[in-house]
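Please find below a note on the chain shown here. The points are numbered, and each may be checked against the structure.

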Amino acid sequence: MIYFLAVLAVSMVVTYLLTPAVRSIALKLGIYTPIRERDVHSQIKPRWGGVAMFLGMVVGLAAASTIPYLSGIFADLTPVRGVFAAMVVILLVGMADDTWDIPWMLKLGGQVGAAVILVLHGIQLEVMPVGWLGVGGPLVQSLLTVFVVVLTINAFNFIDGLDGLAAGVAALGGAAFFIYSYLLTLSINAFDASNLVTLLMAVLVGSCLGFLPHNFYPSKIIMGDTGAMLLGLVMAAGALAVTADVGQLAEGFRFRNIPAYMPILLPLAVTLLPLLDLAMAVVRRTARGSSPFTPDRGHLHHKLVDGGYSHPQAVLLLYLWSALFAFGAVSFNFLPWWLVTSGMVLSLGAAVVLTLGPWLRRRALRVNRAAAQRALRHRLGG
């Protein structure tokens, strides 16, 4: 694991060091987010933070290619080139959107293009780990892959609304995915843990950790669509790559019960919060006759801030939910199911109480006030 952690550290340091330079360039070019009604921040924020994250990931991948222990990942460069090419497409589309606010159809076209690049380089959904069933023919596999990639990209894009939120959620989910992929690879081959998914999660987590000191409240820069879409792409590529060689996984790793479904459950658990926010936004906007891509102030993070939480409190609470889902799913592989289930029930219960805290306190205050008024009227009437 030390080699992956070294790559993670490289991505983290490079992202951290380059972010101030990217911030200066964005300010000089006038690439910043204006104050809008739907936004939480009250000051302009330079965009393009995702450029520093992209560079951190790329340098991390380059560093990994020089480590002999990880040479197996680069024995076949096709998938690595596919991920890199897709990242470049998302980078360009994101930078254009952060600069000029391009039409949503054009942005969607770029996302589809990045997904097609992954498919052409062999990264696609071939097998569903539910009874190890094949996913149709090449056309069905390609269409499902494009759907998964576009869905995940937009899920992370939608959740990027508070300082440090998207980067922190991605770091937590990526860390859980990293642990799962690393231990799963070791179970297949105890002498070779080199795996593309583990590497992708290492550079993703590293770039997020390097960016967070500049992005946590009060942020000096935001990642913009460039960074949010990049996180979604890399997370989707990792989720797809996990299931790409499921025959080897089935032969080398004895799946039982819930662990048998981890290749599909874990990506869902990692992205559950962004996906939930995305689904609610689509339903909300469609119900009022707007485009699903029309921005508004109805996201989960908006609700928490409007409900009484401070900006950092809302972010930390959403971190808690992400960690519970992601690491809870991973725990099923290594701990007794009854122990994990009990812990999850207690943890989720505590999280629900924390989440509803402001509403519960306001409701209790209203009830007490109403009771006091009734008592006062009763005394006056008497």
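Which residues does Leu-233 touch, not counting residues up to four places away in sequence? The answer is given in point 3.

1. Basis of the note. This is a predicted model, in which local features need pLDDT of at least 70 and side-chain atom pairs count only at pLDDT 80 or more, while totals for chains, interfaces and linings use all residues. Residues are numbered from 1 along each chain as its sequence is written, and side-chain values use heavy atoms, with hydrogens and water left out.

2. Overall composition. The chain contains 14 helices and 4 strands; helices (H or I, at least four residues) and strands (E, at least two) are DSSP runs, numbered from the N terminus. Of its 382 residues, 49% are buried. Here buried means under 20% relative accessible area, exposed means over 50%, and partly exposed lies in between, with a 1.4 Å probe and protein chains only. Among contacts (heavy atoms within 4.5 Å) between residues at least 6 apart in sequence, 76% join residues at least 24 apart.

3. The largest nonpolar core. A nonpolar core is a set of buried Ala, Val, Leu, Ile, Met, Phe, Trp, Tyr and Cys residues joined through side-chain atoms within 4.5 Å. The largest one has 92 residues, and the members that touch the most others are Leu-199, Leu-204, Leu-231 and Leu-233. Helix α8 (residues 224-244) gives the most to this core, namely 13 residues. To answer the opening question, Leu-233 touches Ala-86, Met-87, Ile-90, Ala-114, Leu-118, Val-149 and Ile-153, when residues up to four places away in sequence are not counted. As background, nonpolar side chains in soluble globular proteins tend to be buried together.

4. Helices α1 and α2. The axes of α1 (residues 2-28) and α2 (residues 49-64) come within 8 Å and cross at roughly 150 degrees. Axes are lines fitted to C-alpha atoms, for helices over the stretch in contact, and angles run from 0 to 180 degrees between N-to-C directions. The crossing of α1 past α2 is right-handed, a term used if the near helix is turned clockwise from the far one by less than a right angle, with left-handed for anticlockwise. On the α1 side, the residues that meet α2 include Val-7, Val-10, Ser-11 and Val-14, and their partners in α2 include Gly-56, Met-57 and Gly-60. The residues of this contact divide into 13 nonpolar, 5 polar and no charged. In this count, Ala, Val, Leu, Ile, Met, Phe, Trp, Tyr, Cys and Pro are nonpolar, Asp, Glu, Lys and Arg are charged, and the others, Gly among them, are polar.

5. Ser-11 within α1. Ser-11 lies in helix α1 and counts as buried, at 0% relative accessibility. Leaving aside neighbours within four places in sequence, Ser-11 is in contact with Gly-56, Met-57, Gly-60, Val-203, Gly-206 and Ser-207. Ser-11 and Ala-62 are 51 residues apart in sequence, and their C-alpha atoms are 10.0 Å apart in space.

6. Helices α3 and α4. The axes of α3 (residues 77-100) and α4 (residues 104-120) come within 8 Å and cross at roughly 175 degrees. The two helices are therefore roughly antiparallel to each other; angles over 145 degrees count as roughly antiparallel, under 35 as roughly parallel, 65 to 115 as roughly perpendicular and the rest as oblique. Among the residues that make the contact are Ala-86, Ile-90 and Asp-97 of α3, and Lys-107, Ala-114 and Leu-118 of α4. The contact comprises 9 nonpolar, 3 polar and 2 charged residues. Leu-77, in helix α3, is partly exposed at 34% relative accessible area, and its C-alpha atom is separated by 9.4 Å from that of His-121, 44 residues apart along the chain.

7. Backbone features to inspect. Most residues other than glycine have a negative phi, and most peptide bonds are trans. Trp-48, in the loop between β2 (45-46) and α2, has a positive phi near 75 degrees and is buried, with a relative accessible area of 12%. Asp-101, in the loop between α3 and α4, also has a positive phi, of about 55 degrees, but counts as exposed at 52% relative accessibility. A cis peptide bond joins Tyr-217 and Pro-218, with omega about -10 degrees; Pro-218 is placed in the loop between α7 (196-215) and α8.
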